[in-house]
Amino acid sequence: MRSKPSFTINFVVAHKLEAYPLIRHFSLEEFIQKPYRVFRNDNGIRLVICGQGSSNASEAVRYLSEIIDGTPNFKQGWINVGIAGHKTLDLGFCFLANKILSKKTGEVYYPSMSAGTKNTKGLITVDRPEKLYAEDAAYDMEASGFFKAAVLCSELELVYVIKVISDNKANSMDDITKDLVDDLMLRTLTFIDLVVCELKSRLALLNQALVLEHNCLNMVKSIHFSVYQRNQFRKICQQFYAMGRKEELSLILHCNIAPADQLLQKLSDELTRRVQ
């Protein structure tokens, strides 16, 4: 029986030529063929081939987000990877999108940045292949739809767009070949591994907090919390854990102190007393 991974990172890739180097690199195996080809491994990495276009990328994100491989309610990481064109950047230049503009709708998105790279560029998503490169930005056909959908089912800091330059003024997109795409995607792997590593760290912190919140709330499930009180409760529990006072917290929660405001006051008093 396949074990559940402790985290999930989803790659959304437009074309099979862009996908195959990633499939080989992460040792992914196909487990769904329709409506999208979806691949995964036992280490929490999944990949969907979405097809060309912003709407296809958006639909693929929604589809993949509903397939739960790991722990339910855990946050997931999302990465859109693929080729892009730019007026002057060299072929093979890899970068994170720091701004995404939808040419069709005019909507603008600002992705979170990775601390591991200084290569960031603006990106314009278009409906048709761009050959004029009118703006000082890279051009692709999926990023805006991907990003808009991904942030609806995850957190901003867990969504990345990675592109590699495949064409420019001196190298027409008409000259793009299978071998070129394979070579370009192979060049991105070191770059991608850095982002995956950072995503794993962010997911670990966020999901650890979710597990903590779930476990603590389960101990006091008979107590009703308002949204504000629940946020207070979460923060106080995190402070107890950060200070290595997990057992003390558990003892207090098992005392069944009610209502919620009295429990919060007790927790706050105990936290403060030990700090002083």
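1. Start with a loop. Glycine 106 sits in the loop between β6 and β7 (108-109). With a relative accessible area of 45%, glycine 106 is partly exposed. Isoleucine 124 is 18 residues from glycine 106 along the chain, and their C-alpha atoms are separated by 9.8 Å. Keep in mind that this is a predicted model.

2. Now the overall picture. The protein has seven helices and 10 strands. Its C-alpha trace spans about 70 × 45 × 30 Å along the principal axes. There are 276 residues in the protein, and buried residues make up 47% of them.

3. Next, the contacts along the chain. Take the contacts between residues at least 6 apart in sequence. Of these, 70% join residues at least 24 apart.

4. Surface and charge come next. The accessible surface is about 14400 Å². Carbon and sulfur atoms account for 51% of that surface. The protein carries 34 positive and 31 negative charges. The mean positions of the two sets are 4 Å apart.

5. Which residues have the most contacts inside the largest nonpolar core? They are Ile9, Phe11, Leu22, Leu47 and Ile79, in a core of 31 residues. Several elements give two or more residues to this core, including β1 (9-13), α1 (16-25), β4 (45-49) and β5 (77-85). Strands β6 (94-102) and β10 (159-167) are also on that list, as is helix α4 (178-219). Helix α4 gives the most, with 10 residues.

6. Look closely at isoleucine 9. Set aside its neighbours within four places in sequence. Isoleucine 9 is then in contact with Gly44, Ile45, Arg46, Gly77 and Ile79, among others. Its partners also include Val196, Leu199, Lys200 and Leu203. A separate core lies apart from the largest one. This other core has 29 residues, among them Ala57, Leu64, Tyr109 and Phe147.

7. Glutamate 107 is 83 residues away from threonine 190 in sequence. In space the two are 31 Å apart, C-alpha to C-alpha.

8. Helix α6 (residues 246-253) shows two sides. Its buried residues are Glu248, Leu249, Ile252 and Leu253. The face turned away from the buried side carries the exposed residues Lys246, Glu247 and Leu251.

9. Helix α5 (residues 227-242) holds isoleucine 236. Is isoleucine 236 buried or exposed? It has a relative accessible area of 11%, so it is buried. Not counting residues up to four places away in sequence, isoleucine 236 touches Leu264, Leu267, Ser268 and Leu271. Leucine 264 is 28 residues from isoleucine 236 along the chain. Their C-alpha atoms are separated by 8.3 Å.

10. Check the backbone for exceptions. Most residues other than glycine have a negative phi, and most peptide bonds are trans. The next two points list departures from that pattern.

11. Two cis peptide bonds deserve a look. One joins lysine 34 and proline 35, with omega about 5 degrees. Proline 35 lies in the loop between β2 (29-32) and β3 (37-40). Another runs from alanine 258 to proline 259, with omega near 0 degrees. Proline 259 is in the loop between α6 and α7 (260-275).

12. Now for positive phi. Serine 27 is not a glycine, yet its phi is positive, about 50 degrees. Serine 27 lies in the loop between α1 and β2. Its relative accessible area is 53%, so serine 27 is exposed. Tyrosine 133 is not a glycine either, and it has a positive phi of about 50 degrees. Tyrosine 133 is in the loop between β8 (120-125) and β9 (138-140). Is tyrosine 133 buried or exposed? At 3% relative accessibility, tyrosine 133 counts as buried.

Conventions. Residues numbered from 1 in each chain as written. Predicted model: local features only at pLDDT ≥ 70, side-chain atom pairs only at ≥ 80, totals over all residues. Heavy atoms only, no water. Helix = DSSP H or I, 4+ residues; strand = E, 2+ residues; numbered from the N terminus. Buried < 20%, exposed > 50% of the residue type's maximum accessible area, 1.4 Å probe, protein only. Contact = heavy atoms within 4.5 Å. Areas by Shrake-Rupley, 256 points an atom, 1.4 Å probe, with all protein chains shown as cover. Lys, Arg positive; Asp, Glu negative; His and termini not counted. Charge placed at Lys NZ, Arg CZ, Asp CG, Glu CD. Core = buried A, V, L, I, M, F, W, Y, C linked by side-chain atoms within 4.5 Å.
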